[in-house]
Amino acid sequence: MSFPKPGFLSLGSAIATVLLTSCAAPEPGGGAERHGSVSSALTAQDRLAACDQDPRVIAGLVSAEVCAGADIFFRETFEGNGRTCGTCHPVANNYTIDVPFITALDASNPSDPLFVFEHDAALAGLETFELRTLGLILENVDGFEDLDNKFTMRAVPHIFSMATSITPDPVDGTAVPPVHRTGWSGDGAPGDGSLRSFLTGAITQHFPKDLSRQPGVSFRLSTEEELDLTLAFQRSVGRTNDLDLTQVNLFDSQANDGRQAFLDPQRGRCNVCHTNAGANHLDSGLNRNLDTGTRKAPASGTIGAFDGGFGGLGQAAPNLDAVDAGFLNAYGDGTFSPPPLIEAADTPPFFHTNAFGNTIEDGISFYTTPNFFPNSPAGLELEARFGTPIVFNGDDIVKMGRFLRVLNAAFNLDIAKQRLQAAQTLANQFHDTRADIQLRLMELAEVELDDALEVLGVPAPNPPLHAISQNHLQQAKGEIAAGLAAATWSQRQNRISNALSRVMNARDQFGSNINYQLGQGTLMY
């Protein structure tokens with residue numbers, strides 16, 4: 001994970017002054033500087049016109065629609081409380097928030113819109129103390145009719161690779177709509193439940209100026225065109241493909257054995273519900289809501305009802321005993337939607353409550369934790385499918401952790417490469433014109449290198465993971481730092497080339513057939 005960097009503030013302020021001529025958005029400290037809350041007067045057509053002048057669009061790196069959608073995502077407040085989508089999905093923290101990020105943000109800018117509920121009496125009930133202590137946000141996915149009691153606390157899911165993971169599997173028996181799996185329980189979007197409609201739900205839930213949530217008073221709703229543009233951006237962030245793990249070969253022997261354990265129905269059997277380390281079910285290739293026992297997780301109901309997952313909307317009273325307490329205490333059917341695993345090692349803590357540790361190994365251990373997955377409906381279904389309970393030992397946990405760490409680090413490096421190549425193209429084509437975009441892409445590439453180094457840093461006493469690659473990445477960071485300080489575009493371009501070589505050298509050490517296709521959205525901020 002990554003935190004706001006002091007050097008981003010001055011760059012963000014500079015970018016804010018040219019808001020109408022570029023879709024480049026500020027991303028450090030907070031408030032208007034971090035989210036550009038002055039931009040509500042801009043229409044979708046204003047943004048498209050500005051994006052037509054953006055060097056990334058002119059160079060063919062990003063479409064005008066993705067550019068404009070990103071501008072809405074990161075800067076549009078919808079005349080609400082100052083928050084934007086980027087408030088809880090910041091680009092420099094893997095499009096999510098966690099306790100270290102929240103703590104750092106509070107230190108750098110305690111007036112950030114994330115904390116608006118602490119400063120505005122009309123919004124005191126918008127969040128709870130668990131935002132700071134657990135990184136959980138308040139959600140009224142089951143309805144707004146009883147704000148004091150009918151709510152849950154959930155972690156913020158990242159928005160990587162949503163195009164691969166949102167199509168629902170009708171076999172799970174849950175209602176359609178929703179037509180997409182847009183959240184932890186595949187809900188949160190009003191109407192048809194699509195990713196396009198999710199923006200409407202987010203505005204209503206997180207952006208209001210008061211808890212009456214009246215459109216036109218508490219906020220304005222998005223236009224149809226804004227919905228379309230934001231959807232285009234969201235579908236273009238991260239991967240647009242899944243891997244074929246049967247063809248992948250990892251050069252770290254333990255990681256490769258972890259790959260085999262992941263696929264093996266008599267070891268990890270993870271591939272059934274997370275096919276190819278994605279979010280889709282092996283039988284259908286679609287996202288299947290499952291009751292995996294996460295509804296019993298600590299902190300899921302420290303205030304209000306316990307989290308009953310999907311299907312609580314319209315329930316007048318609790319209809320589920322979520323924690324086997326002997327009485328009805330939650331709304332829903334207990335099912336949640338699997339997220340993709342390729343990005344998981346980089347986005348702890350895990351599950352919808354942030355309740356199962358801070359390493360990917362902690363996340364894997366959940367599946368053998370008594371009273372959670374093993375005796376859950378999903379766990380029992382796997383037991384019936386293969387004839388034995390799910391059991392894997394500590395060695396397999398370590399090996400599968402290494403496997404997922406390598407996949408995640410490769411993803412980090414591909415994003416860094418994409419951003420560096422874009423900065424190189426812009427330097428070559430535009431020289432020092434709009435150099436701010438080149439510099440920001442370089443900074444964000446460095447963020448991904450930091451993330452890769454953190455992901456590769458396996459906990460002791462396990463042997464180091466790709467130490468030579470880690471050395472190459474440190475060298476790449478040095479080249480980026482020199483490029484950021486370069487006096488001319490040609491010097492900057494030379495440093496970018498050197499950094500790219502180091503990144504690709506590091507990536508080559510991981511294995512073969514780890515082939516990600518990235519969308520354009522990761523070049524926006």
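Rings of Phe, Tyr and Trp (its six-membered ring) are taken as a pair if their centres lie within 6.5 Å, and the pair is called stacked when the planes are under 30 degrees apart, edge-to-face when they are over 60, and tilted for the rest. By this rule the count comes to 17 aromatic pairs. The model shown is predicted, so local features need pLDDT of at least 70 and side-chain atom pairs count only at pLDDT 80 or more, whereas totals for chains, interfaces and linings use all residues. Residues are numbered from 1 along each chain as its sequence is written, and side-chain values use heavy atoms, with hydrogens and water left out.

**View 1. Aromatic rings around Phe356 and Phe366.** The rings of Phe356 and Phe366 have their centres 4.7 Å apart and their planes at 65 degrees, so the pair is edge-to-face. Phe356 lies in the loop between strand S5 (330-331) and helix H12 (360-365), and Phe366 in the loop between H12 and helix H13 (377-386), ten residues apart; here helices (H or I, at least four residues) and strands (E, at least two) are DSSP runs, numbered from the N terminus. Phe356 counts as buried at 12% relative accessibility, and Phe366 counts as buried at 1%, where buried means under 20% relative accessible area, exposed over 50%, and partly exposed in between (1.4 Å probe, protein chains only). Ring pairs link Phe356 and Phe366 with Phe351, Tyr367, Phe372 and Phe373 into a cluster.

**View 2. The ring pair of Phe411 and Tyr516.** Both Phe411 and Tyr516 are buried. Phe411 lies in helix H14 and Tyr516 in the segment after strand S6 (511-512), so the pair ties together parts that are 105 residues apart in sequence.

**View 3. Charged side chains over aromatic rings.** Lys150 lies over the face of Tyr331, at 4.7 Å from the ring centre, a charge being taken to sit over a ring if NZ of Lys or CZ of Arg is within 6 Å of the ring centre and within 35 degrees of the ring normal. The charged end of Arg440 sits over the ring of Tyr525, 5.7 Å from its centre.

View 4. The side chains of Arg47 and Glu76 meet in a salt bridge with an N to O distance of 3.2 Å, the term standing for a side-chain nitrogen of Lys or Arg within 4 Å of a carboxyl oxygen of Asp or Glu. The pair links distant parts of the chain, with Arg47 in helix H3 (residues 44-51) and Glu76 in the loop between helix H5 (64-75) and helix H6 (85-88), 29 residues apart. Arg47 is buried, with a relative accessible area of 1%, and Glu76 is buried as well, with a value of 0%. Arg47 and Glu76 are linked with Asp71, Arg75, Glu79, Arg220 and Glu226 in a network of salt bridges, and a search of the whole structure finds 36 salt bridges.

**View 5. The salt bridge of Asp257 and Lys399.** Asp257 forms a salt bridge with Lys399, the closest N and O atoms being 2.9 Å apart. This pair links distant parts of the chain, since Asp257 is in helix H11 (residues 253-263) and Lys399 in helix H14 (residues 394-430), 142 residues apart. Asp257 counts as buried at 18% relative accessibility, whereas Lys399 counts as partly exposed at 22%.

**View 6. Backbone features in loops.** Most residues other than glycine have a negative phi, and most peptide bonds are trans. A cis peptide bond joins Pro177 and Pro178, with omega about 15 degrees, and Pro178 is placed in the loop between strand S2 (152-154) and helix H9 (195-206). The peptide bond from Ala460 to Pro461 is also cis, with omega near 5 degrees, and Pro461 is placed in the loop between H15 and helix H16 (467-484). Asn276, although not a glycine, has a positive phi of about 55 degrees; Asn276 is found in the loop between H11 and strand S4 (306-307) and counts as buried at 17% relative accessibility.
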